[in-house]
Amino acid sequence: MRGNPQVHEMIAPGTLAAVLELLSSKPGEWTPIAGGTELMVAYAAGRLSPSKLINLWGIPDLRFIETNPASISIGAATTFRDLRAHQAIAAQLPLLAKASSWIGSVANQSRASLGGNLVNGSPAADSSPALLVYDAEIELISVRGRRRIPYAEFHTGYKRNAMAPDELLFAVHLPLRFAKHRQYLRKVGTRRAMAISKVALAATALIEDGLISEIRLAAASLAPFPARLYQTESALLGQPINAAATQSARTALMAEAKPIDDIRSNAVYRTRVGANLVEEFLLTLLSEGKPQ
Amino acid sequence: MTATVPASTPTIRFTVNGEAVAVRTLPMKRLLDVLREDLHLTGTKEGCGEGECGSCSVRMNGELVNSCLVPALQAEGAVIQTVEDLATNGVLNSLQQAFLNCGGAQCGICTPGMLMAATQLLEVNPHPTLAEIREGLAGNLCRCTGFMRIFESVIEAAAKNIEDTAEPASHAR
């Protein structure tokens, strides 16, 4: 089955204002498309349901990286290649730089956008765990105005999110307050390039006087959407890094993880690997230096 | 082979291999099909058709893309380079020659994509390490060569870059 260009309408209004106007006049009728690395795959397989697409690719208002003293803001249509190539992101948000370098392949990174990765809402989204442990905020825009929500509240269910039908994801804002945190990101997948992860884990933690004084853990593919692991965090907060803490973190993760069985892996394997990744992160905390 | 084209079909203008073209086509027609069917540039191959294999790789505005995932409308105003642009008057460029010398091409289906991915890599990074070559070509699958001969081809082409720019070989990291 192949996509049929006769049954899909696509327009390119060219400006953000015109896109928002159209989304507002007919909420839910038009589906935004940026780099197309998700929608065009569905299209090729003959399973792209939206018949009306509105082009975001090439709208400069949506493709930017703005660095401020206390934060970095990233336009929704910024590509993963843009993110990889950006020095401030490499220096200040290394987990995001690392995740960007994993996404697809060179050809996908030059087209796939950060906003697309989030709006698509795959449980396995590569950029999500890093954004979650960096306390990212999402800025939504519509003709009604703008609003910000914590990224941790963006996904509300499998492929569901907090956006209204007339809203567009405008930007992702990342506070720069993790310089002193130990940071970790690991993806477990089948193939180096292109592989959709079986499980991925990101972590940021602050160690003070041998105790974990702050910790954020977030996973891909351990729930119907990318999510923080709050119970596992609670099991570790205020604890020293030792065998007992590791065991209680593993137990908490096993209870908290709600992965699915699918073509790439199964729930039992995903949960166990998730626990192993948490343990690996804790082991890195014991070693000297600043692991990632 | 003339398809019936609806009246609303827009004309999309872009540059391909240095030549300005105007194609009347449906917005959601894939760039891959526009290149092959409308412009008869059949060097670009279709492999998986879903962005996994890299056979349809072309360069668009200086970046590598899978042309099977680019709707024609998004090519408006773009500068596209396909494998047909590499040779000059039938004379292979140094990268193509290296593929020939090293056995980097066997059945040939992946070759145009490999060449474009390698062209992109060498433009961004003229002296890549083996790890960088592997990463640069990681989105391109080959079922014949086992990849080693392709990597060797790129290494040879990069070495030629070094000779051509008269830099000492030690600069190749």
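The part in question is helix α3 of chain B, residues 111–124; how many of its residues are buried, and which strands does α3(B) lie across?

A: This is a predicted model, in which local features need pLDDT of at least 70 and side-chain atom pairs count only at pLDDT 80 or more, while totals for chains, interfaces and linings use all residues. Residues are numbered from 1 along each chain as its sequence is written, with chains lettered from A and ligands numbered from 1 in the order in which they are written.

Helix α3(B) has 14 residues. Helices (H or I, at least four residues) and strands (E, at least two) are DSSP runs, numbered from the N terminus. From first C-alpha to last, α3(B) reaches 20 Å, close to the expected 20 Å, where the expected span is 1.5 Å times one less than the number of residues.

Of the 14 residues in α3(B), 12 are buried, and the helix is mostly covered. Buried means 20 or more other C-beta atoms within 10 Å; exposed is 12 or fewer, partly exposed lies in between, and C-beta atoms are placed from the backbone. The buried residues include T111(B), P112(B) and G113(B), and the list continues through M114(B), L115(B), M116(B), A117(B), A118(B), T119(B), Q120(B), L121(B) and L122(B).

The helix lies across β3 (57–60) and β4 of chain B, at about 35 degrees to β3(B). Axes are lines fitted to C-alpha atoms, for helices over the stretch in contact, and angles run from 0 to 180 degrees between N-to-C directions. Contact means that the C-beta atoms, placed from the backbone, of two residues lie within 7 Å.

Both strands belong to an open, mixed sheet of five, ordered β2-β1-β5-β3-β4 in chain B. At its edges are β2 (19–24) and β4 (63–66), each pairing on one side only; two strands pair if DSSP finds at least two bridges between them. On average, neighbouring strands are turned by 40 degrees against each other, direction ignored. Strand β1 (residues 11–16) runs antiparallel to β2(B), joined by six bridges.

R30(B) is buried because 28 other C-beta atoms lie within 10 Å. Setting aside residues up to four places away in sequence, R30(B) touches S67(B), C68(B), V70(B) and P71(B). By contrast, L100(B), 70 residues from R30(B) in sequence, is 30 Å away, C-alpha to C-alpha.

Beyond chain B lies chain A. The contact between the chains takes 24 residues from chain A and 26 residues from chain B. On the chain A side, α2 (39–44) and α6 (106–109) each give two or more residues.

Chain A is divided into domain 1 (1–177) and domain 2 (182–286), with bounds from an automatic or database domain assignment. Their C-alpha centres lie 25 Å apart, and their contact takes 22 residues from domain 1 and 23 residues from domain 2. On the domain 1 side, α5 (94–102), α8 (128–133) and β8 each supply at least two residues.

In the loop between β7 (145–150) and β8 (155–157) of chain A sits Y151(A). Y151(A) counts as buried because it has 22 C-beta neighbours inside 10 Å. Leaving aside neighbours within four places in sequence, Y151(A) is in contact with L131(A), L132(A), A136(A), E137(A) and I138(A).
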